[in-house]
Amino acid sequence: MSKVSGVIRGGLLVTERGFRRSDVAITDGIVTEIGDCIADSGGETVDAEGLVVAPSFIDLHTHTRVPGGEESETLESVEQAAIFGGYRYLLAMPNTDPAMDSVGVLRSITDRLEKLRVTVEQSSAITIGRAGEQLVDIYSLAEAGVRFFTDDGTGLRSPSLMREALEMSALLGVVIAQHSQDPELSSGGSINEGTVSVRLGLGSIPESAESVMVARDIELLKAYGGNLHVLHVSARESVNLIRHARSEGLRITSEVAPHHLLLDDSRTGGFDPIFKVNPPLRSVATRMALVQACISGEFDAIATDHAPHSDHAKQKPFSEAAFGMLGLQTAFSAAWTAMFNHPGWDESELEAGLAWDQIDGLEPWQLVRLHRVISLLSFGPARIVGIDAGIRVGTNANLVLVDPRSEWVPSPGDIVSRSRNLPYLGMALRGRVVGQILDGSVVLREGKLCS
Ligand SMILES: [Zn+2]
């Protein structure tokens with residue numbers, strides 16, 4: 001693709017320290033100037049008045065379904081979903097068929113990953129076949145370039161295997177990412193344990209199924225060292241445990257999914273399997289506590305858990321339907337809607353030293369929360385994967401244009417994924433990604449893909 005030259009004018013540029021109204025000049029795909037009233041140099045001019053210019057997003061949790069699940073997603077369709085969502089990087093989960101658990105399986109897709117415009121980094125399973133019984137060859141996989149190991153979809157139950165995996169992670173500098181969920185406490189469950197599960201008579205998954213495993217892993221981390229990332233946190237007690245572990249200096253990070261911020265278990269009351277996800281949508285009180293935890297800086301990242309499923313797997317009676325929902329295209333909008341609607345603004349959200357330029361139609365406190373959402377989609381996960389996300393002179397342009405004030409209602413026609421399991425159909429969402437420059441080339445312009 002040809003590299004872009006031009007000036008993005010009048011947008012609010014996101015930096016780690018706040019928002020600053022700036023023009024951004026790009027020459028042959030490289031950011032060449034950031035400042036006020038940059039002169040035209042013959043390229044394109046993009047009017048970004050009222051828009052936010054942010055670093056392209058980074059997702060720590062994507063199910064690409066490749067290899068083996070191409071009925072529900074392909075690398076090409078997931079790439080398109082990523083571009084619409086404003087993403088430049090996806091960490092691909094290993095629940096594939098065969099499971100991503102060896103250098104051989106990894107090599108079978110490496111060439112295809114390299115052809116994509118979006119960076120897709122493949123994680124490996126922790127145990128062979130994600131069966132929880134025998135560790136993969138972490139050493140060889142790390143030598144082949146794998147940096148993240150997870151049995152996502154299930155928690156690694158065995159404490160001795162988890163200990164060994166953490167010890168290896170300390171030795172090799174890789175990360176063990178845990179789907180924290182005790183298999184006994186969650187056995188047979190398909191929704192959150194609470195008043196809704198009692199009313200519906202469905203098997204349930206309590207918050208404690210998550211937090212007991214978080215607590216155990218923190219104890220192992222404390223005793224044996226290592227690097228732990230907690231996937232899709234959905235329980236209040238997990239947030240407390242992770243905060244405490246971090247304050248003790250342990251190497252622990254965590255993420256939260258947009259659907260856990262915006263949706264609660266009352267949605268499952270109509271037995272619609274589109275709202276079936278693992279970990280499940282929680283109570284209103286927990287949902288609000290998770291939004292508050294985002295605002296207070298408890299999480300390192302918002303990660304999609306983008307989990308495409310064919311109609312065949314999803315349109316079944318609730319207890320038999322597959323867990324998971326689409327998330328890449330809507331992550332920013334869903335998270336921003338949740339943060340925007342969250343009541344109880346308090347001055348303490350305003351961190352000292354941050355600088356804010358205004359945007360018409362948004363109150364200062366809304367800008368503070370918008371900054372938090374964007375940081376959790378860019379700077380936060382970038383630190384975990386080792387990418388320098390900032391928009392800086394001399395670097396390849398990787399940026400998204402976001403309209404934080406627009407409202408839209410996703411419809412089936414908006415979905416570019418091969419699957420249809422989007423939980424936000426018909427819901428009013430706030431804010432939308434409208435443009436993206438990836439590695440210096442325009443890939444999304446005025447909400448439309450560029451080929
Ligand atoms: Zn998971």
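Predicted model: local features only at pLDDT ≥ 70, side-chain atom pairs only at ≥ 80, totals over all residues.
Local features are reported at pLDDT of at least 70 and side-chain atom pairs at pLDDT 80 or more, whereas totals for chains, interfaces and linings use all residues. Residues are numbered from 1 along each chain as its sequence is written. Helices (H or I, at least four residues) and strands (E, at least two) are DSSP runs, numbered from the N terminus.

Three strands form an open sheet with parallel pairing, in the order 6-7-8. Two strands are taken to pair if DSSP finds at least two bridges between them. Strand 6 (57-62) and strand 8 (119-122) are the edge strands; each has a single partner strand, so one side of each has no neighbour in the sheet. From one strand to the next the twist averages 20°. Strand 7 (residues 87-92) pairs with strand 8 in the parallel sense through four bridges, and Leu-91 stands opposite Glu-121 in strand 8.

Parallel pairing is also found around strand 10 (residues 175-178). Strand 10 is joined to strand 9 (residues 148-150) by three bridges, and the two run parallel; here Thr-150 stands opposite Ala-177. Three bridges also join strand 10 to strand 13 (residues 228-230), again in parallel, with Ala-177 opposite His-229. Val-175 and Ala-177 point one way from strand 10, Ile-176 and Gln-178 point the other way, and all are buried. A residue is classed as buried if 20 or more other C-beta atoms lie within 10 Å of its own, as exposed if 12 or fewer do, and as partly exposed in between, with C-beta atoms placed from the backbone. Strand 9, helix 4 (residues 159-172) and strand 10 make up a right-handed β-α-β unit; right-handed here means that, with the strands pointing away from the viewer, the path from the first strand over the helix to the second runs clockwise.

Two packed helices are described by the angle between their axes and the distance between the axes. For helix 11 (residues 331-341) and helix 12 (residues 364-377), the axes come within 10 Å and cross at roughly 145°. Axes are lines fitted to C-alpha atoms, for helices over the stretch in contact, and angles run from 0 to 180 degrees between N-to-C directions. Ala-331, Phe-332, Ala-335, Trp-336, Met-339 and Phe-340 of helix 11 meet Gln-366, Arg-369, Leu-370, Arg-372, Val-373 and Leu-377 of helix 12, contact being defined by C-beta atoms, placed from the backbone, within 7 Å. By class, this contact of helix 11 with helix 12 has nine nonpolar residues, one polar and two charged. Nonpolar covers Ala, Val, Leu, Ile, Met, Phe, Trp, Tyr, Cys and Pro, charged covers Asp, Glu, Lys and Arg, and the others, Gly among them, count as polar.

Most residues other than glycine have a negative phi, and most peptide bonds are trans. The bond from Val-66 to Pro-67 is cis, with omega near 5°, and Pro-67 lies in the loop between strand 6 and helix 1 (75-85). Asp-97 and Pro-98 are likewise joined by a cis peptide bond, with omega about 5°; Pro-98 is in the loop between strand 7 and helix 2 (103-114). Phe-271 has a positive phi, near 60°, and lies in the loop between helix 8 (258-262) and helix 9 (284-295). Phe-271 counts as partly exposed because it has 14 C-beta neighbours inside 10 Å. Asp-305 has a positive phi of about 50° and is found in the loop between strand 15 (301-302) and helix 10 (311-314). Asp-305 counts as buried because it has 30 C-beta neighbours inside 10 Å.

Note on methods
Contact = placed C-beta atoms within 7 Å.
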